Amino acid sequence: MKSIKYLIIIVFLFSTSLSNAQEKDLQNKITKNLRCLICQGQSVYDSDSDFANSVKLLIEKKLDEGQNEKQIYEYLKNKYGDWILYDPKFDKNTYFLWLMPILLFIIGGAIIVRLFIIKKN
Amino acid sequence: MKSKIFQIFLTIFFIMIFFIFYKGLKNPNIYVPKNSLEKDIPSFKAKIFDNNTLVTSEEIFKRDKFYLMNIWASWCLPCREEHPFLMELHSNKNLEIIGLNYKDKKKNAYKFLKELNNPYEIIILDKDGTLAIEWGAYGVPESFLIQNQKIIKKIIGPLNKDLFTEIKRLIK
């Protein structure tokens, strides 16, 4: 009977620490996707500024409240605009941002093909 | 013919790139989100500085007047700079100044107010800085002019003479 009790305690402790680790992973993932708005080229995860530390705490609170990743991004986007997200969504304001690299790649490729391959032949 | 079309296409493309960068370089470096203006104030619960009782945002901003929500801390030097402007605004009957004491020690905050006087009707506490994030703030000092539960102006950084004049004009 005693050993069953111990087993239950061990399983409980293990599952708690596992869920804590999972929450910490998710928190890190979210903070890595957020830009520290007062820093130079740092994510919230990398930064130790007051702003970043407050955002980290807020995310921890929101996760404890049961909010998911998407809800947290939406919440912060609502407060600070698209700029806080490293991965802005595909909409009319960001068409150009997303399509520009593809366009550049196609045009660059066409130039290379024309200049080097076709000319060589 | 084919080569001509290609050249025209290439020229148009580079002109387009030139204008994008030209326009991009002219944009100001300081990012201020457009959607922070004319937004509803956040709904929150916070402790009052003097007695630690809980107060809601609805209770603080309930009256039909202008509010200036000022984020400050005793350790923040620019807060000292803007304090005389807050003291002057404090005398305006149309405006109520609410303080949000950001990541501060109570003892130091009291000392700060004793030295420079208290322009705030209510001061709420933000020990961990999360309440400031609710407001969409970047740091200290920062101020939000509020009318009818809406943020009508957001000021990042300390108040100065120009901003002071602008606030006075807005609350007339």
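The centres of domain 1 and domain 2 of chain A, taken over C-alpha atoms, are 38 Å apart. Domain 1 of chain A covers residues 2-89, and domain 2 of chain A covers residues 90-121. These bounds come from an automatic or database domain assignment. The model is predicted; local features need pLDDT of at least 70, side-chain atom pairs count only at pLDDT 80 or more, and totals for chains, interfaces and linings use all residues. Residues are numbered from 1 along each chain as its sequence is written, while chains are lettered from A and ligands numbered from 1 in the order in which they are written.

Chain A holds four helices and zero strands. Its pattern along the sequence is α-α-α-α. Helices (H or I, at least four residues) and strands (E, at least two) are DSSP runs, numbered from the N terminus. The radius of gyration of chain A is 23 Å, whereas a compact globule of 121 residues would have a value near 14 Å. This radius is taken over C-alpha atoms, and the globule rule is 2.2 Å times the number of residues to the power 0.38. Along the principal axes, the C-alpha atoms of chain A fill a box of roughly 85 × 35 × 25 Å. Of the 121 residues in chain A, 15% are buried. A residue is buried if 20 or more other C-beta atoms lie within 10 Å of its own, exposed if 12 or fewer, and partly exposed in between, with C-beta atoms placed from the backbone. Among contacts in chain A with a separation of 6 or more, 41% link residues 24 or more positions apart. Two residues are in contact if their C-beta atoms, placed from the backbone, lie within 7 Å.

The two chains meet through 16 residues of chain A and 15 residues of chain B. On the side of chain A that touches chain B, α2 (50-64), α3 (69-80) and α4 (95-120) of chain A each supply at least two residues. Helix α2(A) gives the most, with eight residues. This side of chain A divides into nine nonpolar, three polar and four charged residues. Ala, Val, Leu, Ile, Met, Phe, Trp, Tyr, Cys and Pro count as nonpolar, Asp, Glu, Lys and Arg as charged, and the others, Gly among them, as polar.

Chain B contains six helices and eight strands. Along the sequence they follow the pattern α-β-β-β-α-β-α-β-α-β-α-β-β-α. The radius of gyration of chain B is 22 Å, well over the 16 Å that the globule rule gives for 172 residues, so chain B is more spread out than a compact globule. Its C-alpha atoms fill a box of roughly 85 × 35 × 30 Å along the principal axes. Buried residues account for 32% of the 172 residues of chain B. Of the contacts in chain B between residues at least 6 apart in sequence, 74% join residues at least 24 apart.

Six strands of chain B form an open sheet with mixed pairing, in the order β1-β8-β7-β4-β5-β6. Two strands pair if DSSP finds at least two bridges between them. Strands β1 (39-40) and β6 (122-126) of chain B stand at the edges with a single partner strand each, so one side of each has no neighbour in the sheet. Strands β4 (residues 66-72) and β5 (residues 95-102) of chain B pair in the parallel sense over seven bridges. Within this pair, M69(B) has I98(B) as its bridge partner, and I71(B) has L100(B). Helix α3 (residues 77-90) of chain B packs on the sheet and touches β4 and β5 of chain B, with its direction at about 155 degrees to that of β5(B). Axes are lines fitted to C-alpha atoms, for helices over the stretch in contact, and angles run from 0 to 180 degrees between N-to-C directions.

Strand β4(B) is largely enclosed by the rest of the structure, because seven of its seven residues are buried. In a regular strand the side chains alternate between the two faces of the sheet. Both faces of β4(B) are covered: F66(B), L68(B), N70(B) and W72(B) are buried on one side, and Y67(B), M69(B) and I71(B) on the other.

Strand β7 (residues 142-147) of chain B runs antiparallel to β8(B), joined by six bridges. S143(B) has I155(B) as its bridge partner in β8(B). The two strands form a hairpin with two residues between them, and N148(B) in the turn has a positive phi of about 50 degrees. Two bridges join β1(B) to the antiparallel strand β8 (residues 150-156) of chain B.
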